[in-house]
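Work through the exercises below with the sequence and the model side by side. Try each task before reading its solution.

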Amino acid sequence: MKQLGDILSEICGLSEQTISEARRIKDEKGGRIGEILIRQKAILEADLLKALGIQLNLPFRSTLPTDQFSTEFTEKIPIQFLKKYMMVPVITPNESFIAVNDPLVFQPLDDIRLLLGLTDSDVVIAPYSAILSAINFAYDMRSDSAAQVIEGMHEEDTDRIFSEIRETEDLLDDTSDAPIIKLVNLMFSQAVKDGASDIHIEPSQHRLNIRSRVDGILYNMLSPPKHIQAALTSRIKIMADLNIAEKRLPQDGRIEIKIANKNIDIRVSTLPTSFGERVVLRLLDKSNVLLRLTDIGMPEDRLKEFNRLIKSAHGIILVTGPTGSGKTTTLYGALSIINHTDINIITIEDPVEYQIEGIGQIQVNPKIDLTFARGLRSIVRQDPDVILVGEIRDLETAEIAIQSALTGHLVFSTLHTNDAASAVTRLIDMGIEPFLVTSSVLGIMAQRLVRVICKQCKESYQPDEESLMSIGVTPEMAEGKKIYRGRGCPDCLNTGYKGRTGVFELMLLDDEIKNLILKTSDANAIKRRAVKNGMITLRQDGARKVFEGITTIEEVFRVTQQ
């Protein structure tokens, strides 16, 4: 049999020196030569697997098929077994084989063959990520669905909720057969699969309704029987470490779970209503990488201006918009640009949504009186260059933020207002003197999120004049331009949309605007002057995205109507 090092040398063009060094490490410290070369970044995992395939005369597959993929083996083999040994049986109408990541693990391979009767099946080598995706896909697609669990649920089943395990490493690993636990796990995994940001559990007089928010819109998810309401709420409370006996007061908590190797942070809010407790769950995928400003749809002209603003030495930069309009994502994107070892960045947030390496992040905690204002006072004594305040909610926080900006700090924060000009009015209404606003605020970004047209079912059409006028576009402006919409297909859950992007309005406080603010706090007058000076409004930015085929007229009208 040919040596693995020699095969790797041939297919990767490795030098004799690299191979000799890897062999020396192997002799001194042990281990496998392929793994040593991967650690040294001399080869990739795919190179090693191809070489092993050549050495052992086994085929290498970089991807695994999931079309018409049989999931029957999930009834016989625990998911933990397959994840431990990194192998998965792939059975489709066209082929049958067992994919392994390490072909030298013989015993578990023989066990799978005997258990499933696949004695003649081929063995193929596949990457770790491909096998893990296939395992998660199979156990996610197994015959149990939340609807089936509800159908098979009886009133006596709800009593078993407290006797079962509290949590598991990965929800897909949970083998519990208690219907309530199964229902909650399936509800979470379905929401993550659909890309939902929230789950709403809403009791009414005679029924219970569960809805999920996907791309900013609520859709019906499940309608379980009313009798499981108490047990369902109790299960979620147990997971969130809340008091299950307290049903008269609102409670807040959080759950950290893992679904298909994704770390999901869930914020839980319960609220007593006439027909029982209403529960809202906010899902945050912590394994998502931070989005760059270029990825969230910010046009080139505003991106250039915004980049100039965030590199200022001092002042306040505000991002405004309603809840769920992507304000935090924009601010994190800005921080990641200026995050260097030579500056000290500290944030105070509620909650801390993303962990950023090299930044001090503080979580607001009202229970111990750690408010935005109190935390901000302490931050200023930590010698920061840049401060992020999650939200300016009151006069005290606004005053400290402005004082910080005037004493040489760059401050980022958010406000809940409809547009950029209204942020000035809000600060003055809070009690901030107009001259302090003009001395400290550098610029205000207003933003919204619009749904993106699904690429699979995108089609052009001719909108009527009334629709065009609803977003401030005349028929002459639309002449010769194609306008698109989504027809609806399985890929986008028949909505015509998949994913979201931002529309932006950036108001810079130049001398003209500052002089106007000193005379009036009327948002309309400030906005008119900013537009006259060249500001592109939210609706105008939305109209540009309609002409670019990114979103629809209806979406722009929905998010920008006053």
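A residue counts as buried when its relative accessible area is under 20%, as exposed when it is over 50%, and as partly exposed in between, with a 1.4 Å probe and protein chains only. The model is predicted, so that local features need pLDDT of at least 70 and side-chain atom pairs count only at pLDDT 80 or more, while totals for chains, interfaces and linings use all residues. Residues are numbered from 1 along each chain as its sequence is written, and side-chain values use heavy atoms, with hydrogens and water left out.

**Exercise 1.** Decide whether isoleucine 338 is buried or exposed, and find what it touches.

Solution. Begin with the place of isoleucine 338, which is in helix H12; helices (H or I, at least four residues) and strands (E, at least two) are DSSP runs, numbered from the N terminus. Because its relative accessibility is 7%, isoleucine 338 counts as buried. Next, look for contacts, meaning heavy atoms within 4.5 Å: leaving out residues up to four places away in sequence, isoleucine 338 touches Ile310, Lys311, Ile343, Ile345, Val386 and Phe412. Finally, compare sequence and space: isoleucine 338 and asparagine 307 are 31 residues apart in sequence, and their C-alpha atoms are 9.3 Å apart.

**Exercise 2.** Describe how helix H11 and helix H12 cross, and which residues make the contact.

Solution. Two packed helices are described by the angle between their axes and the distance between the axes. The axes are lines fitted to C-alpha atoms, for helices over the stretch in contact, and the angles run from 0 to 180 degrees between N-to-C directions. For H11 (residues 300–310) and H12 (residues 327–338), the axes come within 10 Å and cross at roughly 65 degrees. The crossing is right-handed, where right-handed means that the near helix is turned clockwise from the far one by less than a right angle, and left-handed that it is turned anticlockwise. The contact is made by Phe306, Asn307 and Ile310 of H11 together with Thr330, Ala334, Ile337 and Ile338 of H12.

**Exercise 3.** Determine how helix H13 is oriented relative to helix H14.

Solution. The axes of H13 (residues 372–380) and H14 (residues 395–406) come within 8 Å and cross at roughly 20 degrees. H13 is therefore roughly parallel to H14, since angles under 35 degrees count as roughly parallel, over 145 as roughly antiparallel, 65 to 115 as roughly perpendicular and the rest as oblique. This crossing of H13 and H14 is left-handed. On the H13 side the contact is made by Phe372, Ala373, Leu376, Arg377 and Val380, and on the H14 side by Glu396, Thr397, Ile400, Ala401 and Ser404.

**Exercise 4.** Determine how helix H19 and helix H20 are oriented to each other.

Solution. Start from the axes of H19 (residues 511–519) and H20 (residues 523–532), which come within 10 Å and cross at roughly 165 degrees. H19 and H20 are therefore roughly antiparallel to each other, and H19 passes H20 in a right-handed crossing. The contact is made by Glu512, Ile513, Leu516 and Ile517 of H19 and by Ala525, Ile526, Arg529 and Ala530 of H20.

**Exercise 5.** Locate histidine 200 and decide whether it is buried or exposed.

Solution. Histidine 200 is found in strand S4 (residues 196–203). With a relative accessible area of 10%, histidine 200 is buried. Apart from neighbours within four places in sequence, the residues in contact with histidine 200 include Asn209, Ile210, Arg211 and Val279.
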